Amino acid sequence: MLPKAAYGFTQSKQRYDSQDEILSVAKGYRDRHLPADIIVVDFLYYTKMGQMDMDHVKWPDPERMNGQLHDMGFKSMISIWPRFAKGSRYYDMLVKKGWFENDADGTPTNGKHVDRVGSDIDTTNPDAAKWFWETIRDNYVKKGFDAIWLDETEPDLPPDNSYFSIGPGQRYYNVYPLFHTASVYEGSRKESDKRVLTLARAAYLGAQRNAAVFWSSDIYSTWDTLRRQVPAGLDFTASGFPYWCNDVGGFNSLPPEHRPLHPPLIDPSDARDNIAGYDDYPELYVRWFQYGVFQPIFRTHGTRTFNEIWSYGKQAEPILEKYLKLRYELLPYIYSLGYQSYKTGAPYMRALFMDFPNDPNVFAIGDEYMFGPAFLVGPVTDQGATSRQVYLPAGAKWYNFWTNERFEGGQTITVSAPIETIPLFVRAGSILPLGSAIETTEQKQDIAKILIYPGANGDFSLYNDDGKTYANERGEVQITRLTWDDALGKFAEEGAKAWTAPDRTLVEIVGNKIGK
């Protein structure tokens, strides 16, 4: 299980340049009463690659900064690269120990051509891995940083002509992410009961056990890229890694000018300081943000000058706010899915064949997916589109989440999708717990409503714990089993008491209500 904050919203950009800027953005969310949980310090905050410090001019008191963030209900994440430049304070020691990825003659591998900014520490070496964690702990964790962004976990310097402690790079070409993420996870677990959270750019089989979230690297900010992210995420999660995300909005710089094929659905005129001449970018960002709500980890990033939800114009802002709040309303469902992933390995994002193996029509569909057992998500990935076709798998009945209109499965329908709406369906038989409004997972979230979608029997395990420690592994959890008998029209709950409502009026059958 990841810390509960990880399931909320992560605010990031490349890059917040100072302590004052980070605090200003955090305050901007709180002043607007917008939910957010994690804020990110990206790279180049240090004085030299591998120095493992923070530029005192721009980051004069990181410990105080983190204290202020914590007071506002934020957790902080900081980017730490595996590379150490010549002249940095640990470089000579690492050379002497032989703790770098090395060339055949023992020279530390240091990039090719212009990429000579340092050598990668060899965390396949257990002594180097232990030292790497302890150095992170002493320089950053002890100053209040809560989570670690392990960038360049490929590693970025191809190891094919180099050597790790375990053997030649040609043989062990792809294993580095497994060892590198383990260095932080295993080091922290030996010393603390605080849940670990790392973000890593590359994965290898087994790395999912290291409390690691993986993302799709430095992608373009284009409609084509958004379109291709959907099947990419489904492929990745089907490979055994439940925690995947991408840079909402794309990472790379926006072109100075881009004229869309269709009139933009969002007016770009009041966001020119951020998007320049990319007329349809606010529309793209809104569509990407809607899709991000239904990823396991909801995280924005990129090289825009500003990247907060109030940065894309007055037409975009209320739509982005709507979906940000929807993410937090769905947290009881999303956090419960986290427990199921922990227990079974089942991913959040599931290609349709995983839930509907008996429907041959789903095997080639890569542009829609299940988000847990309840939701079918159809992201809009075409500029100017206000509708899209959605296939509803056979063997189930389906409800339009926004209208409650019911459909039989086994058919393709055309769904209305104005800019404020992502096509979203709920499978009949689903029991959907919704949470009360909160601004951070530091606040207690009550169960505000239980939605029941009739048409099939339902069974859902509502899960909760302290969200911060590994007490869940010691059995300190609250599980409430919710069931729906469709033939009898009967809802029941057993186990931990999950809400404080004096009666059952918070339970609602879609289209009806259950009284006392």
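Q: In this predicted model, which residue of β3 is the bridge partner of V41?
A: I78 is the partner of V41 in β3.

Q: What makes β2 and β3 a pair of strands?
A: Two strands pair if DSSP finds at least two bridges between them. Strand β2 (residues 38-41) and β3 have 4 bridges, in the parallel sense. Therefore β2 and β3 count as paired.

Q: Why is the crossover from β2 to β3 called right-handed?
A: The chain runs from β2 through helix α2 (residues 62-71) to β3. With the strands pointing away from the viewer, a right-handed path from the first strand over the helix to the second runs clockwise. The β-α-β crossover here is assigned that hand.

Q: Why is β3 described as largely enclosed by the rest of the structure?
A: Buried means under 20% relative accessible area. In strand β3 (residues 75-80), 5 of the 6 residues are buried, so the strand is largely enclosed.

Q: How do you know that β3 also pairs with β6?
A: The cut-off is at least two bridges. β3 and strand β6 (residues 147-150) have 4 bridges, in the parallel sense. One of the bridges joins M77 to A147 in β6.

Q: What makes β6 and β9 a pair?
A: Between β6 and strand β9 (residues 198-200) there are 3 bridges, in the parallel sense. At least two are needed, so β6 and β9 pair. L150 stands opposite A200 in β9.

Q: Why are β11 and β14 called edge strands?
A: The open sheet has 8 strands in the order β11-β10-β9-β6-β3-β2-β1-β14, with parallel pairing. β11 (244-245) and β14 (298-299) each pair on one side only, which means that they are the edge strands.

Q: Why is P347 called buried?
A: The relative accessibility of P347 is 8%. The cut-off is under 20%, so P347 counts as buried. P347 lies in the loop between α10 (331-344) and β15 (349-350). Leaving aside neighbours within four places in sequence, P347 is in contact with T237, P242, S341 and M354.

Q: Why does N125 count as buried?
A: N125 has 15% relative accessibility. That value is under 20%, so N125 is buried. N125 is in the loop between β5 (119-120) and α4 (126-139).

Q: What makes W99 and S165 contacts of N125?
A: Contact means heavy atoms within 4.5 Å. N125 touches W99 and S165, not counting residues up to four places away in sequence.

How values were computed. Residues are numbered from 1 along each chain as its sequence is written. This is a predicted model: local features need pLDDT of at least 70, side-chain atom pairs count only at pLDDT 80 or more; totals for chains, interfaces and linings use all residues. Side-chain values use heavy atoms; hydrogens and water are left out. Buried means under 20% relative accessible area, exposed over 50%, partly exposed in between (1.4 Å probe, protein chains only).
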